Amino acid sequence: MIALITLGLVILALAGLPLFAVIALTTLIGYHFSDIDLSVIGIELYRIADTPLLVALPLFIIAGYVLAESKASHRLVNLSQALLGWLPHGLAIIALVSCAFFTAFTGASGATIVALGALLYPALQSVGYTQRNSLGLVTSGGSLGLLLVPSLPLIIYGVLVQQMNMGPSFTLNQLFLAGILPTLLMIVLLAAWVMWSNRHTKLATQPFSAKAVRQALWAARWEIPLPFVVLGGIYGGWFAISDMAAVTALYVLIVEVALYREVSLKHLPGILEQAATMIGSIILIFGVSLALSNLIIDNEIPEKLLAWIQLYVDSALGFLLLLNVALLVLGAILDIFSALVIVVPLILPVALSFNIHPVHLGIIFLANLQIGYLTPPVGMNLFISSYRFNQPIVSVVRSVIPYALVLLVGLAFITYIPWFSMAFIGP
Amino acid sequence: MNVLFKLHRALLRLEDAFLLTLVAAIIGLPVLQIFSRLFGWQGLLWADQAVRLGVLWLALTGAMIASRHQQHIRIDLLQHFENTRWYGWIQRFTHLCTAIICAIISWHCIGLVRADYGYGDRAFLDLPLWICELIIPLAFAVIALRFAVAALLGQGALKNSPEYGGQHE
């Protein structure tokens, strides 16, 4: 019976039933079999209003949509090119670093490839990188930054785990700190690969010009404070995260609408509507998954899963390997938010029993799912790239393969050496 | 028909206006709080709760707006077959399922709201709890309605109709 229902749910999900509906239906069926009144789902949904940390999410989404709509990406690339363009491979490094920043600030919605990729893709080719190399670099770079604050999946993971109230406690700030070294590692590995694979390519560099730097700095004068305010505010602990998010959203609105005037008041409602669509989709999935995760825990499903896993695996190392493989497969099918809300409640208790710290687990999760952006059939970046740069999907996939392999190496480091995630947190 | 059309457009505008109000509130209230702390004022004691409730209302309003074009997150394995006839029928079927699921949720949440109305529980500012919860059945009813319409008419019909606000992407 259960197998039949599960099969039905999987088929519905694969046929394209919205994921919130799949999760809600699963929950309703679970309630029915556990003799729980179906109206409990309303109580669970109302818990969205009892989750203070969740406040940051819509605010950062709004800030991200407005930023993505402005010419902030132009100014970011200009500034970094003025600063680093004289370095051999400077542009590739710029591409990676600015992608990471932009993704962190605009959430994981593909805005990076659309906004930044459009600038970087032709620029990379113009200094001498092959078309295939540039395509791969931009497509895979578009997924960097998931581990940096204020990336939405990172916030979602933190809120989700804190809701479950299990294992060693940690603050969201600790989670945000944990993402720094792994992101740096991935950037360094990707940059090293670009340098190695292009060691025989003749690349153009531009001479360093103090004037260009001054001009780029002046152009970006209103946006330069933003990362410092956000990062300083969060890492320095000046503000609560939700206050920080409100300040960021207001600041971005003032800067892009009133100071740069690149987002007109007339277009603002449309942009906010798009942002609201994203907010609604994500938080709705989050809300129904709160209900499902309670049901999962009440029915002791993690314990059963643990018992089953222990039949085959008895070490943390083996568990992590299994987790990596499972998440890579899931990341290829599910989008990152759904993968998080479905899998975290199942896996967190199991991971804790293998003595894996929840912060480290979160970084593993996101680093894994990040690669899922690049794997067919549902790798979102592949499609966005193919659409944006007018390339057949097969050549995008081919161009991404070496970069995805490099990221896999990075993932192995991040997974099996907890130090990368825990360096700033202590034991 | 014309009256219905105008009514529908007015409702869409209302939905948009409501959204903008909520956005302004969840940005404005925390900023106001920060300033009051800065100047040593007491601030609004209910602001935090109001903002959190605002997030719930904003999220569900956003979910309603997302269902105007059925833009909810889904697994898109079949999207490459978008222009085939059977894909259209599968889509209508999944829309119908979504509509039924949302209708069930809405129905049971109405029960919850009525029960809380009976208990007379209060949220912040002495606001009755049932009013705070009202958005849940409302949003699911609207989502159910929109998916039901999409199941009946097929998605293409709505996507291109200007009175539905057209396609934003």
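Accessible areas come from the Shrake-Rupley method with a 1.4 Å probe. The structure is a predicted model.

Q: What makes up the accessible surface of chain A?
A: The accessible surface of chain A is about 16,700 Å², and carbon and sulfur atoms account for 69% of that area.

Q: Which elements does chain A have, helices or strands?
A: Chain A has 22 helices and zero strands.

Q: Why is chain A called as compact as a globular protein of that length?
A: The globule rule gives 22 Å for 427 residues, and the radius of gyration of chain A is 22 Å, close to that value, so chain A is as compact as a globular protein of that length.

Q: How do you know that the span of helix 6 of chain A agrees with its number of residues?
A: The expected span is 1.5 Å times one less than the number of residues. For the 17 residues of helix 6 (residues 90-106) that gives 24 Å, and the end C-alpha atoms are 24 Å apart, so the two agree.

Q: What makes helix 6 of chain A mostly covered?
A: Of its 17 residues, 14 are buried.

Q: Why is L334(A) called buried?
A: Buried means under 20% relative accessible area. L334(A) has 11% relative accessibility, so it counts as buried. L334(A) sits in the loop between helix 17 (316-333) and helix 18 (336-353) of chain A.

Q: Which residues does L334(A) touch, leaving out those up to four places away in sequence?
A: Contact means heavy atoms within 4.5 Å. By that cut-off L334(A) touches L19(A), A339(A), I342(A) and I75(B). L19(A) is 315 residues from L334(A) along the chain, while their C-alpha atoms are separated by 9.4 Å.

Key
Residues are numbered from 1 along each chain as its sequence is written. Chains are lettered from A and ligands numbered from 1 in the order in which they are written. This is a predicted model: local features need pLDDT of at least 70, side-chain atom pairs count only at pLDDT 80 or more; totals for chains, interfaces and linings use all residues. Side-chain values use heavy atoms; hydrogens and water are left out. Helices (H or I, at least four residues) and strands (E, at least two) are DSSP runs, numbered from the N terminus. The radius of gyration is taken over C-alpha atoms; the globule rule is 2.2 Å times the number of residues to the power 0.38. Buried means under 20% relative accessible area, exposed over 50%, partly exposed in between (1.4 Å probe, protein chains only).
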